[in-house]
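Here are my notes on the model you sent, as numbered points. Please keep the structure open while reading them.

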Amino acid sequence: MDDNGTSSYTVGFLTTGESTVEQQHAQAFLESLATVEAVAFDAVESKNVIDEYDLLWWHRDTPVSEETISADALSALTSYVEEGGGLYLGLYALDAVDSLGIDPHPPDQIESTYVPNHTFGQQPAGFLIKARYEESTVFDGFSALRVNTQHSRKQSTPRLAYHNRVPQNGDVLASCVVGGEDRPAENSIIAWSPGRGRVLGVGQHLVFSELSEPYEDTVRTLVTGLVSHLGDSEEEAFSGRPKTSDELTEMRVELEADTHQPTYHFTPPANWMNDPNGIVEYDGIYHLFYQYNPAGPYHGSIHWGHATSDDLVHWEDRPVALAPDLDGPDKDGCWSGCTVLDDGQPTVVYTGGSGGDQTPCLARATDDSLDEWEKHPGNPVIEDIPEELGILSNDEWNAEFRDHDVWQEDGTWYHLIGTGLEDGGGAAILYTSDTLTEWELVGPLLVGDRHEDGPLWECPELLDFGESQVLQVSNYDKVVYFVGTFDGTSFDRRADGTLDHGNYYAAQSIPHGEGQYLSWGWIREDRDGAAQWDAGWSGVMSLPRILSLDEADTLRVRPTPEIEALRGHHQSLPKQTLSSGDSVCPETSGSALEIQVTFELGDAEAFELVVGESPDGAERTPIRYSCEDELVVDRSASSESTAPSSDPQCIPSISADDGLVTLHVFVDGSVVELFANERESLSSRIYPTREDSTGVSLNAIGGDIAIHTVDIWELDSAFSPDDGKLASQQASPTNSGMD
Ligand code: FRU
């Protein structure tokens with residue numbers, strides 16, 4: 001681009017028949033920025049006709065299917081782009097990505113008449129820019145992620161967006177805002193880079209008739225950015241949706257400057273993550289799949305992300321393993337499930353979402369890396385939901401019926417599915433089969449009490465501890481468990497408990513030696529959606545934890561010792577007594593720490609271990625153990641921002657062992673994952689705003705406290721900051737051997 005800005009570009013303005021009023025306005029607007037010539041589609045018999053243009057602009061406020069655009073014209077456009085041209089697709093033109101061979105996934109939200117109204121009447125509307133693309137030429141001139149481009153309108157305009165579907169090849173540059181409210185799930189600006197070319201699609205909120213101040217200015221800024229990006233063949237094109245292992249890792253590295261981003265807990269490479277799925281150790285490699293939305297940091301269009309590890313500490317990003325099929329029973333999402341080995345072949349059972357239906361589906365690995373999966377042609381494998389059981393339904397779902405735990409015993413497959421019953425509460429439904437594809441209903445394995453145990457159970461799993469079994473479920477709030485015995489058809493419940501008292505959900509476990517399981521859970525964000533959008537990522541996986549069952553029918557939970565491989569600088573404090581009001585501040589501080597403290601409360605009122613503390617104490621998070629045997633994470637001063645929750649979280653009773661309490665705390669960016677007496681756990685999220693909120697202190701309140709041991713380690717990153725490669729890809733990780 002020269003000093004004249006976009007005016008040096010020659011734009012071919014594509015038309016079919018007579019231009020609509022909206023198209024006339026669009027053309028006139030472009031003419032104020034660049035040299036524009038109308039190009040009739042009919043005249044585009046070959047690429048030669050359009051070769052002379054720096055970019056082509058196709059803006060339609062009427063459906064493309066009304067008129068036929070010749071196959072010659074379409075293929076001329078396709079080769080124009082592939083050989084380095086730029087193409088703009090506005091409103092209905094976005095729907096042509098499929099016929100142009102740009103993307104087999106056209107947008108799924110198409111409305112011909114749309115007025116961007118908000119609950120409180122007509123409101124301005126515009127775009128919600130993805131933080132990752134904030135600096136790109138397209139958004140040059142904007143200094144915020146939220147930009148209004150259109151006033152409330154009396155007249156409707158078409159709206160096209162990717163809503164439940166994501167473009168297969170393109171990446172989402174922006175969603176939208178209406179009336180000041182984020183609508184992250186309406187993906188409105190998409191970039192593709194077919195061949196050597198570049199394509200930008202804008203499905204809504206960029207209309208040219210009825211343009212008035214101040215929106216005329218923002219429209220001018222945006223159109224200038226779009227024209228500059230499309231017209232400048234020297235400029236680097238967007239790489240499309242990051243798909244390869246390296247591209248995903250590259251996104252992860254871009255987030256490194258974010259102090260809330262954990263460095264040794266697994267997170268999505270960017271965008272959204274929820275439940276752990278399909279965890280399996282296969283050929284000596286741990287495979288962690290997870291609910292992943294490649295479109296942005298919000299729940300929607302769920303795929304199965306994939307990462308591998310050979311040491312449970314360092315993870316390598318792998319390409320997405322499962323994606324919704326356009327017309328499949330999983331078209332709206334590949335939801336949670338598990339992996340089993342069917343005659344040695346890794347096979348996943350997951351929930352497909354489609355319209356109001358949730359149905360069990362199957363896919364089989366076609367290679368040993370578990371990168372490639374083939375969906376069972378007969379999906380779904382259970383078609384008829386057992387309505388006779390009184391399965392919960394609502395306006396959105398015909399039946400709440402999802403998530404899978406499958407195992408084999410004596411040649412029979414057992415299959416648990418989570419649900420809720422109208423006459424009861426959350427329930428786990430049991431099926432059996434010889435084949436994984438034809439299932440027979442046994443009935444509810446266990447039905448909970450709606451008020452005590454939650455109305456709906458998600459992610460059920462049955463853990464086998466020999467004499468006893470544990471049914472673990474997520475009840476919309478927490479992961480809870482029931483201890484009892486399973487006899488093949490029913491479960492005799494005798495005790496229950498809560499696995500984690502914080503933001504921990506959808507746990508999934510695999511057997512790990514005699515009487516033990518390795519278990520992971522999703523540590524949810526605890527800040528508002530706008531803050532998650534701005535960060536560009538959402539969701540953290542817990543550290544791998546070891547679960548065992550004790551004589552008191554309590555699940556004991558502790559971090560797996562392999563994590564010790566990350567330990568770096570170490571400080572220990574001598575055994576000492578803290579008098580009331582005393583405060584000890586170890587020199588070691590940071591936002592990637594492991595802290596282990598053993599103390600005896602004696603007659604004191606409370607002991608505090610404070611993390612995330614700023615030198616002036618303005619931001620701090622005390623973890624407070626009181627004489628009532630209660631452990632509280634006090635988040636009232638964790639952050640100076642109002643986006644995060646400041647609610648306290650608590651373990652009601654941690655059962656001190658002979659008066660001794662051991663707190664084992666992992667601080668990692670915005671994560672505080674804590675274990676008490678190798679029994680209870682609480683996963684919390686804090687979001688300090690200050691870079692110096694990294695201090696640690698120990699405080700005695702209302703009496704003397706005997707401090708037995710204090711150990712603090714700085715923990716290394718699971719990712720190498722130097723060249724963007726995961727640490728495990730550079731050198732084989734040192735094996736801790738600390739078991
Ligand atoms: C639990 C859950 C599951 C579902 C998945 C969808 O967090 O709601 O029940 O399968 O997430 O992402």
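1. E186 is a charged residue to start with. Its relative accessibility is 7%, so E186 counts as buried (buried means under 20% relative accessible area, exposed over 50%, and partly exposed in between, with a 1.4 Å probe and protein chains only). The side chain of E186 meets that of R183 in a salt bridge, with 3.5 Å from N to O. A salt bridge here is a side-chain nitrogen of Lys or Arg within 4 Å of a carboxyl oxygen of Asp or Glu. By this rule the count comes to 38 salt bridges.

2. A word on the source of these values. This is a predicted model, in which local features need pLDDT of at least 70 and side-chain atom pairs count only at pLDDT 80 or more, while totals for chains, interfaces and linings use all residues. Residues are numbered from 1 along each chain as its sequence is written, and side-chain values use heavy atoms, with hydrogens and water left out.

3. Next, the pair D332 and K331. Their closest N and O atoms are 3.6 Å apart, and the two form a salt bridge.

4. R493 and D453 form another salt bridge, with 3.0 Å between the closest N and O atoms. R493 lies in strand β30 (residues 491–498) and D453 in helix α5 (residues 450–453), so this pair ties together parts that are 40 residues apart in sequence. Helices (H or I, at least four residues) and strands (E, at least two) are DSSP runs, numbered from the N terminus. R493 is partly exposed, at 30% relative accessibility, whereas D453 is buried, with a relative accessible area of 6%. Elsewhere, salt bridges that share partners join E608, E613, R620, R624 and D634 into one network.

5. D629 is a contrasting case. D629 is found in the loop between β42 (621–626) and β43 (631–633). D629 is buried yet has no salt bridge, and the nearest side chain of opposite charge, R679, is 7.6 Å away. For charge, Lys and Arg count as positive and Asp and Glu as negative; His and the chain ends are not counted. Apart from neighbours within four places in sequence, D629 is in contact (heavy atoms within 4.5 Å) with I651, P652, S653, I654, S655 and A656.

6. Helix α2 (residues 71–82) has 12 residues and reaches 16 Å from its first C-alpha to its last, close to the 16 Å expected at 1.5 Å a residue. The expected span is 1.5 Å times one less than the number of residues. Buried in α2 are A73, L74, A76, L77, T78, Y80 and V81. Their cover includes β1 (10–15), β3 (55–60), β4 (86–91) and β14 (198–202). After α2 comes G84, whose phi is positive, near 115 degrees.

7. At 4% relative accessibility, Y80 counts as buried. Leaving aside neighbours within four places in sequence, its contacts include K47, I50, D51, Y53 and D54. The side chain of Y80 reaches the backbone oxygen of D54 at 3.4 Å.

8. How does helix α3 (residues 215–231) sit in the structure? Of its 17 residues, 12 are buried, so α3 is largely enclosed by the rest of the structure. Among the buried residues are Y215, T218, V219 and L222. What covers them includes α1 (21–31), β3, β4, β8 (125–129), β9 (146–150) and β14. The end C-alpha atoms of α3 are 24 Å apart, which agrees with the 24 Å that its 17 residues should span.

9. L421 is found in the loop between β24 (412–420) and β25 (426–433). L421 counts as buried, at 6% relative accessibility. Beyond residues up to four places away in sequence, L421 touches L389, G390, I391, L392, A427, P444, V447 and R450.

10. Last, the ligand. Its surroundings include N274, D275, D403, E458 and W522, each with a heavy atom within 4 Å. A polar side-chain atom of D403 lies 2.5 Å from an oxygen atom of the ligand, and one of E458 lies 2.8 Å from a ligand oxygen.

How values were computed. A polar contact is a pair of N or O atoms within 3.5 Å; within protein, one must be able to donate a hydrogen and the other to accept it, and residues adjacent in sequence count only if both atoms are side-chain atoms.
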